[in-house]
Amino acid sequence: MADRPTDRRRPAPPRAARRPLLVAGRTVACATSLAVLVTCGVAWYAVTDLRSGMTTSSALDDIKKSAPPHLDNSVNLLLIGLDSRKDMNGNDLPGEFVQDELHAGSSSEVGGYNTNTLMLMHIPANGGQVTALSVPRDDYVQTVGADGKMHKIKEAYGIAKSMFEAKAPKGLSKADLERQGREAGRKATLATVQSFLGVPIDHFAEVNLVGFYDIAKAVQPITVCLNHDTKDPAIEGQGSGADFHQGLNTLNASQALSFVRQRHNLAGGDFDRTHRQQAFISSVVKKLKDQGVVGDLGKMQQLFDVVKKDVVTDDQWDVLDFAQQAPNLSGGHVVANTLPIAGFATVNGQDVNKVDPVQIKRIVQQLIGHDPTPVSGDPVENGSAPAAPAAPSSPAAQSPAAARATGTVDVTNTSAVPGAAANELKSLVAMGFTEGRTGQGPHQARTTVTYGAGEKDAADQVAARYGVTASPGTAVRAGHVQVTLGTGYAPPPAGGAGPAGPSASGPADPAVGLPMQGPAVKMGGIPCVD
């Protein structure tokens, strides 16, 4: 492993002071990330082989020089899920395997090098509850370390990789070109996420598509829970192959990949997929703990073989330190949320998520335990200006996007949920919208958001709450936004967990009162999700 570079911004704490942080922080991170879980067991198997066989990266070296300062000894860990159909050396995965087992199309070019999973784990200095924040993959942001232009955040990796390959010195082997190109992609992803969230990234773990499959195969079967029946046939490279029923489902590795990749035929689309990923991690952690896998050398051997082949970690991560504490894992102390968007847009023919960088930074700062401060100089998407950071009188008013919401919202309920219209209207008013009328209407399958003249921006913000796209409505009055709750509408779960998940006395959600994209997922059990 490479030597740890000296941090010149602040003196390193004494070893005795650092160990409680490393033990507690990495222990909890280990218990909540599939990739990190695998890493935890590695040192138990063979310390020498671990150091010589692990794939590590120095991508953090450059971005740490420009990272925001740490206000305490907490640790921020970024989990990266890479949607690539190639192995570490750039060779295509077998077409039949990709199509039949991964349900990911037959072409190795499908998906490119998009980072379809980006999850920041904040591990507090005192070893307390961990906060997990998922970044929606289609957020339209300013990239850093790629071409510096606006792109979906998932594209930073692939753009930087392509730029490196276009200028790479001649004579590189195919494998070296792939490895160095991926390193450029990691640097761009880490720098872009760090800039977008406004917090330093201390460590990262990257797992590719086949890596996820291999890990899931090593721990299968895995039990998950769904709120509704769902199907997503895999046809000509489209669809995930999902076919699940309401309640508990027991999945093999192929089905597990379908579970975390499905986005079609879901009311919340990509956002529901993100919640699936969070819930899957929780289910795997529960199984490994229940079966006593963590700390058992024999049971960890299969996972050890997987991590060396499929997972990349930064070279400054002292995995041996926290691996010694593997028996002390404490599950159930993690709450996962999905960062909000400000609406939808179409840019160069692509559907993107509009985001408010000032709002995102403020939310992240609040959740990791620091006082929110005004943030200036952020790029603003689609020409919208951030609201002034005046002290709000309520949590909802802290959102610049909500502060711009001026439309009157009317809500019609067509679902079987009693009082749904009134409850939704109350929530929308709390977000800053003007209270309109409620009513009951004839059944319609899906929730829709339509708007009258002058209220497209407000409608986009409302639509983002339900994961749908707003459309103009000829019957909607000027200045109004109409929400119609479909028969598939379900109120956000109070605990974020299903019957097999944690009880109401589980970890508290630190994001209560903050605008998030859907309900929190409380880890430690088997949460039910859409």
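Predicted model: local features only at pLDDT ≥ 70, side-chain atom pairs only at ≥ 80, totals over all residues.
Strands of a sheet pair through backbone hydrogen bonds, and they may do so in either a parallel or an antiparallel way.

An antiparallel case is found between strand β18 (residues 448-451) and strand β20 (residues 480-485), which are joined by four bridges. Within this pairing, Tyr 451 has Val 481 of β20 as its bridge partner.

## The eight-stranded sheet

Another open sheet is formed by eight strands in the order β1-β12-β7-β2-β3-β4-β13-β21, again with mixed pairing. Here β1 (55-57) and β21 (521-522) stand at the edges, and since each has a single partner strand, one side of each is left without a neighbour in the sheet.

Strand β2 (residues 75-83) and strand β3 (residues 114-123) run antiparallel and are joined by nine bridges, with Leu 79 standing opposite Met 119 in β3. Helix α8 (residues 209-219) lies across β2, β7 (203-208) and β12 (311-314), and the direction of this helix is at about 85° to β7.

## Helix α10

Helix α10 covers residues 270-290, and at 1.5 Å a residue its 21 residues should span 30 Å, which agrees with the 30 Å that separates its end C-alpha atoms. How much of this helix is buried? Of the 21 residues of α10, 18 are buried, so the helix is largely enclosed by the rest of the structure. After α10 comes Gly 292, a residue whose phi is positive, near 65°.

## The disulfide

A disulfide is a covalent bond between the sulfur atoms of two cysteines. A search of the whole structure finds one disulfide, and this bond joins Cys 225 to Cys 528, with an S to S distance of 1.7 Å. The pair links distant parts of the chain, for Cys 225 is in strand β8 (residues 222-226) and Cys 528 is in strand β22 (residues 528-529), 303 residues apart.

The torsion about the S-S bond of Cys 225 and Cys 528 is about 50°, and the disulfide is therefore right-handed. Are these two cysteines, Cys 225 and Cys 528, buried or exposed? Both Cys 225 and Cys 528 are buried.

Definitions and conventions. Residues numbered from 1 in each chain as written. Heavy atoms only, no water. Helix = DSSP H or I, 4+ residues; strand = E, 2+ residues; numbered from the N terminus. Expected span 1.5 Å × (residues − 1). Buried < 20%, exposed > 50% of the residue type's maximum accessible area, 1.4 Å probe, protein only. Pairing = 2+ DSSP bridges. Contact = heavy atoms within 4.5 Å. Axes fitted to C-alpha atoms, helices over the stretch in contact; angles between N-to-C directions. Disulfide = S-S within 2.5 Å.
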